[in-house]
Amino acid sequence: MLKNKETHILVIDPHSIPAGKLSRHLSGIGYTTSFACTPDAARELMSSSLPDIIIIDILMEDENGKGLMPEISNAARPYGIPIIVLSSSNDIDAKTYAFAWGASDYILKPFSFRELTSRINVHLKTRGRHNELKEKVKKLTARNTALKKMALTDTLTGLYNRNYIAGSLHITLARSIRSGEPISFIMADIDFFKTINDTYGHQTGDCVIRDASKIIKHSVRESDIVARYGGEEFLIVCPITEASGARKISERIRSNIDSNTFICGDHSIHITISLGIRSMALKQGTKTDIIMNKLIKEADMALYKAKFKGRNRVEV
Ligand code: GH3
Ligand code: MG
Ligand code: MG
Ligand code: MG
């Protein structure tokens, strides 16, 4: 809840004398106030510093006053700034007009300053609570998004993890089924990785996996999905990609890894990678979980073939 001094009240009144009087009264009880007599002055004040509450005197018989309400209301609405309308008209149409234009309150003139002050306090309290809630929701939403992202991300590489494959990949597959475009699954596994661990230690092994994942990520399109499937095994899903395209991507990954020198700690390391591809145009009515397992299994079989044929190669 704002303290009086921190609360900025904007008084708008086409007539400067009552506006000044009200403004002085509010300053007298500690509020920070400003007042405007014309739409231009009000707009100017609102653009330099947003008030916490607006008090606007509407003279219903005065077109000038009536024209002000929509303007002020439009400016205040995005920020949820309460508007208290002061009016000498007890007419239902006048009140309806004010509320239709976003007034939070309507006080009949002549009014007592005590009543106005307590109404101001109620509106400020409500707005304060509303803002607190909005902040809480914002924080919770941000935390929720971060947690969701964390749950789907591999900590070592920053790539997607197995949870992502199990939970979110079906969206990509469903899209692929709908479009009828082919999709390619590529399974990649670093060759003789046990030797890296045995020779240089596990930490260096981790460093190689991290750098290899960066190379893979940079070798594919933004729209391709790269996940760490296991220890030094990666799944790359390429939507709208037929076998020949998948072969190009796989060959690019293979050659980028082969030509790189991995600098981890004091060691300069050379590795190779084997890749297996399975491409398919999915038929309407295909079940995403069944086809996902099938594509992974068949890409894995192609990978096994690449290993069997001597490694550092791509097989379909
Ligand atoms: P192949 O060419 O047949 O793939 O030989 P390989 O030695 O790579 O054999 P395999 O893929 O079966 O073994 C992978 C090894 O990777 C086993 C394990 O010790 C190691 N590994 C798995 N996860 C991690 C990890 O997160 N960090 C490190 N440093 N090593 C890992
Ligand atoms: Mg293996
Ligand atoms: Mg391996
Ligand atoms: Mg492996």
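Author: Ala, Val, Leu, Ile, Met, Phe, Trp, Tyr, Cys and Pro are classed as nonpolar, Asp, Glu, Lys and Arg as charged, and the others, Gly among them, as polar. By these classes, the shell around ligand 1 holds 4 nonpolar, 4 polar and 7 charged residues. The model is predicted, so that local features need pLDDT of at least 70 and side-chain atom pairs count only at pLDDT 80 or more, while totals for chains, interfaces and linings use all residues. Residues are numbered from 1 along each chain as its sequence is written, and chains are lettered from A and ligands numbered from 1 in the order in which they are written.

The shell itself consists of 15 residues around ligand 1 (each with its C-beta atom, placed from the backbone, within 6 Å of the ligand), and the closest are Asp 191, Phe 193, Lys 194, Gly 205 and Gly 231. Two or more residues of this shell come from each of strand S6 (182-190), helix H8 (193-200) and helix H9 (202-219). Helices (H or I, at least four residues) and strands (E, at least two) are DSSP runs numbered from the N terminus. Of the elements, H9 gives the most to the shell, with 4 residues.

Two of these contributors, H8 and H9, also meet each other. Their axes come within 7 Å and cross at roughly 135°; H8 is therefore oblique to H9. On the H8 side the contact is made by Phe 193, Ile 196, Asn 197 and Tyr 200, and on the H9 side by His 202, Thr 204, Gly 205 and Val 208. This contact has 4 nonpolar, 4 polar and no charged residues. Phe 193 and Gly 205 take part in the contact of H8 with H9 and are also among the residues closest to ligand 1. Axes are lines fitted to C-alpha atoms, for helices over the stretch in contact, with angles from 0 to 180 degrees between N-to-C directions; under 35 degrees is roughly parallel, over 145 roughly antiparallel, 65 to 115 roughly perpendicular and the rest oblique. Residues are in contact if their C-beta atoms, placed from the backbone, lie within 7 Å.

Most residues other than glycine have a negative phi, and most peptide bonds are trans. Phe 192 has 12 other C-beta atoms within 10 Å and is therefore exposed (12 or fewer means exposed, 20 or more buried, and a count in between partly exposed, with C-beta atoms placed from the backbone).

A positive phi is found again at Arg 311, with a value of about 70°, and this residue is not a glycine either. Arg 311 belongs to the loop between H11 and strand S12 (314-315). With 14 C-beta neighbours inside 10 Å, Arg 311 counts as partly exposed. A cis peptide bond, with omega of about -5°, joins Lys 109 and Pro 110. Pro 110 is placed in the loop between strand S5 (105-108) and helix H5 (113-151).

Helix H7 (residues 169-179) and helix H11 (residues 288-308) have axes that come within 10 Å and cross at roughly 100°. H7 is therefore roughly perpendicular to H11. Leu 169, His 170, Leu 173 and Ala 174 of H7 meet Thr 288, Asp 289, Ile 291 and Met 292 of H11. Here the classes are 5 nonpolar, 2 polar and 1 charged.

Several single residues complete the account. Arg 278, in strand S11 (residues 273-281), counts as buried because 22 C-beta neighbours lie inside 10 Å. Apart from neighbours within four places in sequence, Arg 278 is in contact with Phe 185, Leu 295, Glu 298, Ala 299 and Ala 302. Its C-alpha atom is 20 Å from that of Ser 213, 65 residues away along the chain. Ser 268, in strand S10 (residues 267-269), counts as exposed, with 9 C-beta neighbours inside 10 Å. Leaving aside neighbours within four places in sequence, Ser 268 is in contact with Thr 261 and Ile 263. Asp 57, in strand S3 (residues 53-58), is buried, with 23 other C-beta atoms within 10 Å. Gly 128 belongs to helix H5 and counts as partly exposed, with 14 C-beta neighbours inside 10 Å. Gly 128 and Asp 52 are 76 residues apart in sequence and 9.7 Å apart in space, C-alpha to C-alpha.

Note on methods
Two residues are in contact if their C-beta atoms, placed from the backbone, lie within 7 Å.
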